[in-house]
Amino acid sequence: MIKKGIIWTLGIIVGLVIIGCGIYIIRQQQSYKSVVHKKSKALLTISLDDILLNQFFDKWQTAPKGGQDFAKKLTKLKDNGIDIKANVFLFSLEDTTNNFYAFFDLKDEKQFLTFLKEGLEVDSIENNVAPGVNYAYQDTNKIAFVWKGNTVLVGLGFNLDKKKDEMIQLIQSDTERVSIESFINHPSELTRKSLRYSAISSKNFIEFDLKGSRIEIAGELQSDTWNFPQEYLVRELVNENYISKGWINFPNERLKTALKDMLVDLPISADSIMAHANGNYVDIEVLKNQVVQTDTIINYAVNDNFETVEEKTAYESKVPNVRFGIRGDESLPKFLPNKLFYQWFQKNDGQFSILSTASTIDKMQAKYTKTNSLSHVAIHLVDWPNALKVTPILMLKAIASDMDLTLKVAGANQLVFQGTIWDYSHE
């Protein structure tokens, strides 16, 4: 009897596994009937069934309040009146991708409207913006909806408020849509990871794979216009007691222009700095400890002879311990700032200039090593100060505690992207 009981139990378990696998496979196949625009230039694939199996976002109890709020918002997305399949395929019509669209079947309009009003709290709902077409937009979450009959078009990304007419045209043009299995060979390759970005013409991609308490990131980028060196000299950065650290080489002129554009709004000589930073390298370290800086406040008063006199008052303040490393020519140091938000002290050892908020920088012995990595960044998001309002980092901090990303040169015209993002449960 005992043996029969064991056999029956094992049989039931095996049967449930087979049924579960069958349902999973069927849902995968059904998702390949999803449609995209036939002129799509990029695809963003979200493998929802795989994400639910990993349940990455169910670990929000250990995250900061922002992460808990995010998890609560996710629960509101369940009853939305839309038929969401195992995989969601979002498409972009732009060469430079700023937003994506996805078509869904509308199964319950009343439930969908409740979801828009109460779940997402959309800014407005406009009825009959075109014959039979309705429109809703939510600026906070950068999301827009257009629906007609039993079809919904969802838009995600930036400047969607300016894409209203395009979305209306997309919902009205049935003949411009094709199924994923007709649009691309082997659609299952798009769904082997939790999330994947694919450029159609170049075959560049980036994949995100949920694995318990972390997200593994991998990707390949290539272009015939690139000609990257195979080896780089970089400064050895700290291994502990840091909030963030990273470096980037920019031998490519487009990378150098992008970096220059980031500096142009600061009150520094951006053109001169980039002209003399001919070593094409910048790094940064933000350490956990703070340093004390002494500054002077200048006031003016009137003395007994009714003359205006200058009064200087010294004061101390604690500031972040930050170090920048820049490789350049011998003229670079004179263009670097002595004061920008904080006081900056400088050390130069020939090819490298190092700026620091710590006055002891001249005692630091810099070390250098060779690598095939174009760039690397590591951030302890849990320690990132909320007062430092870098929006992408603060958004990621809500659900993740650490991040480590590397961009390596695999060939003169090919880069490989690798990285890991950890949630708060791994600590």
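Of the contacts in the protein chain with a separation of 6 or more, 62% are between residues 24 or more positions apart, a contact being heavy atoms within 4.5 Å. The model is predicted, so to speak of local features takes pLDDT of at least 70, and side-chain atom pairs count only at pLDDT 80 or more, while totals for chains, interfaces and linings use all residues. Residues are numbered from 1 along each chain as its sequence is written, and side-chain values use heavy atoms, with hydrogens and water left out.

The protein chain holds nine helices and 25 strands; these are DSSP runs numbered from the N terminus, with helices being H or I of at least four residues and strands E of at least two. Out of 427 residues, 41% count as buried, that is, under 20% relative accessible area, against over 50% for exposed and in between for partly exposed (1.4 Å probe, protein chains only). The accessible surface comes to about 24,400 Å², and carbon and sulfur atoms make up 54% of that; areas come from the Shrake-Rupley method with a 1.4 Å probe, and for residues only the protein chains shown count as cover.

An α-helix has 3.6 residues a turn, so residues three or four places apart point the same way.

Now for the rings. Phe, Tyr and Trp (its six-membered ring) pair if the ring centres lie within 6.5 Å, with planes under 30 degrees apart counting as stacked, over 60 as edge-to-face and the rest as tilted. That rule gives ten aromatic pairs. One of them is Tyr281 with Phe352, edge-to-face at 5.6 Å centre to centre and 75° between the planes. Tyr281 sits in strand 16 (residues 281-302) and Phe352 in strand 21 (residues 352-356), so the pair ties together parts 71 residues apart in sequence. Tyr281 is buried at 0% relative accessibility, and Phe352 is buried at 2%. Elsewhere, ring pairs link Phe112, Phe115, Phe145 and Trp147 into a cluster.

Ile393 is buried, at 14% relative accessibility. Leaving aside residues up to four places away in sequence, Ile393 touches Ile379, Leu381 and Trp384.
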